[in-house]
Amino acid sequence: MCIPGVVPVVHAHANALLTGTGRTTAALADLRKPHEILGHPHVRHLIDFTEPVALLLVAVVHFIRDEENPTGIVRTLLDALPAGSYLVLSHATGDLRPAAAAQATEVYDTATSPLAVRGHPAIAAFFTGCDLVGPGLVQVPTWRPASKRPRGYRNVWIYGGVGRKK
Ligand SMILES: C[S@@+](CC[C@H](N)C(=O)[O-])C[C@H]1O[C@@H](n2cnc3c(N)ncnc32)[C@H](O)[C@@H]1O
């Protein structure tokens, strides 16, 4: 997706490595077209949508601009999953380290996928229809850390959370 020509190569390698496992697959698709992901033959073949599913949108939704309807995209994917499914979502924010986020946003402005940092309320809204699992939507290293003070956590400007679909 980011560098034309590179992703198809990565996809080919992934499928070559995964061949034969029967439990994992890679589908070449654009998150901005969620219906294509849901209808992809590899996805339909592997995932039983009558059973709870874990949907992991890790550090990717911030590459979807507002005009590309990130809320609708996440909703479409969640709507396809039964109650009891989980959404894991992390997302860059300007709330925590505004200067760093602004600098990164500027760098990404020239990239294929510009960075859309969002505030806590906008990111929390992606979990609509889910109960947030404790401790909620928080700075990623502080989500159930192994130690009381995860090292370097103050430098992280990404929120993350886990929601259980109602
Ligand atoms: C920061 S990486 C995160 C990758 C992985 N989720 C992880 O946590 O290691 C962001 C990924 O999103 C992918 N990406 C960006 N926009 C996308 C889109 N519209 N559709 C699918 N993937 C996209 C990029 O190619 C990249 O692999």
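A polar side-chain atom of aspartate 30 lies 2.8 Å from a nitrogen atom of the ligand, a polar contact being a pair of N or O atoms within 3.5 Å. The model is predicted; local features need pLDDT of at least 70, side-chain atom pairs count only at pLDDT 80 or more, and totals for chains, interfaces and linings use all residues. Residues are numbered from 1 along each chain as its sequence is written, and side-chain values use heavy atoms, with hydrogens and water left out.

A backbone N or O atom of leucine 31 is 2.8 Å from a nitrogen atom of the ligand, and a polar backbone atom of valine 58 lies 2.8 Å from a ligand nitrogen atom. Taken alone, the ligand exposes 590 Å², of which the protein buries 57% (areas by the Shrake-Rupley method with a 1.4 Å probe).

## The shell around the ligand

The ligand is surrounded by 12 residues, the closest being Asp30, Leu31, Val58, Ala59 and Val60 (a residue counts if one of its heavy atoms lies within 4 Å). By class, this shell has 9 nonpolar, 1 polar and 2 charged residues. Here Ala, Val, Leu, Ile, Met, Phe, Trp, Tyr, Cys and Pro count as nonpolar, Asp, Glu, Lys and Arg as charged, and the others, Gly among them, as polar.

## The largest pocket

The ligand takes the space of the largest pocket (more than half of its atoms lie within 2 Å of the grid points). The volume of this pocket is about 1,000 Å³. A pocket is an open set of points on a 1 Å grid over the protein atoms alone, where a 1.4 Å probe fits, with protein on both sides within 12 Å along at least five of seven lines; lining residues have an atom within 4 Å of a point.

The lining holds 36 residues, with Ala27, Ala29, Leu31, Ile37 and Leu57 nearest the centre. Its classes are 28 nonpolar, 6 polar and 2 charged residues.

## Backbone features

Alanine 59 has a phi near 55°, a positive value in a residue other than glycine. Elsewhere, a cis peptide bond joins glycine 134 and proline 135, with omega about 10°.

Key. Points joined across faces, edges and corners; volume = space filled by probe spheres on them. Polar contact = N/O pair within 3.5 Å; in protein donor to acceptor, adjacent residues only side chain to side chain.
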